[in-house]
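Have a look at the model first, then read on.

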Amino acid sequence: MLDLNSRSALTDRINFLMDAAITADAGKEPPRDYLGCSAIGGDCERAVQYEALTTVYRESCRCTPEPGHTHFPPRVRRIFARGHLMEDEAGRWIRQTGFLLNTVNPLTGGQFEVSFLGGKVRGHTDGLLTMWLGDCSSPVELPALWECKCLAHKYVMAARRDHIRKSHPKYYGQMMLYMGGLRLKHGLITCVDADTMDIYHELVDFDEETFDMLIRRAEHVLAMCEAGEMVPRCATTRASVTCRLCHWSDVCWSEA
């Protein structure tokens, strides 16, 4: 018999109700109909293709994965929510240092957007650093892109050790696409350590060669989707580190 007075039963019951509410609320969100810039720069091109299949081609492509594979569980959605809250706070702290940070495009009332390949690839920036109002000289050459990530301690330490380009290629690629679309030469990424609340900042300069490579990758993925073909996996075994960390692993390795 279930003991409703036990601590674990109380936690399980409330969490069940909470998760149901989060899932129901997520179901009200309109589905994305474009490939996000944040998805393009990862290690595996096939993972990028799954993102395209479940967004741009979700209603028309015969090889689209089952819809269930596109739904994030409530725990992951809470992580997303934490990231949004931390982004707002980090933006406030950035402004307190002396930067003029614009997070809203005055022409649209929304985030600054970049768009490529007829709108099939799009992205929305966290903000733009446009002016320095501090007493000393600006620590960043302006104008500059601003991106904020709230990460577990080990991922922040990896960024400190190896820099963003090597440690987090998806974030680096995302920034290249944003800077290319907005014609910016410089960017600042702010990484908030979710465990210790330490903050790591890194300057990232625009690299046109990387930008062009990412656009070509997106073009190739979209062409393969339209042809009804799958690009090769980046690994030969599911035991690879990239596959173990990929949320498309189950559907990917269930297919030929």
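## Buried or exposed

Buried means under 20% relative accessible area, exposed means over 50%, and partly exposed is in between (1.4 Å probe, protein chains only). By that scale Cys-252 is buried, because its relative accessible area is 7%. Cys-150 counts as buried too, at 15% relative accessibility.

This is a predicted model, in which local features need pLDDT of at least 70, side-chain atom pairs count only at pLDDT 80 or more, and totals for chains, interfaces and linings use all residues. Residues are numbered from 1 along each chain as its sequence is written, and side-chain values use heavy atoms, leaving out hydrogens and water.

## Cysteines

How many disulfides (pairs of cysteine sulfur atoms within 2.5 Å) does a search of the whole structure find? The search finds zero. For Cys-150, the nearest cysteine sulfur belongs to Cys-148, 7.4 Å away. For Cys-252, the nearest is that of Cys-44, at 6.2 Å.

## Salt bridges

A salt bridge here is a side-chain nitrogen of Lys or Arg within 4 Å of a carboxyl oxygen of Asp or Glu. The count comes to nine.

One of them joins Asp-33 and Arg-122, at 3.0 Å from N to O. This pair links distant parts of the chain, 89 residues apart. Asp-33 is partly exposed, with a relative accessible area of 43%, and Arg-122 is partly exposed at 21%.

Glu-45 pairs with Arg-217, their closest N and O atoms being 3.6 Å apart. These two residues are 172 residues apart, and both are buried.

Methods: A disulfide is a pair of cysteine sulfur atoms within 2.5 Å. Helices (H or I, at least four residues) and strands (E, at least two) are DSSP runs, numbered from the N terminus.
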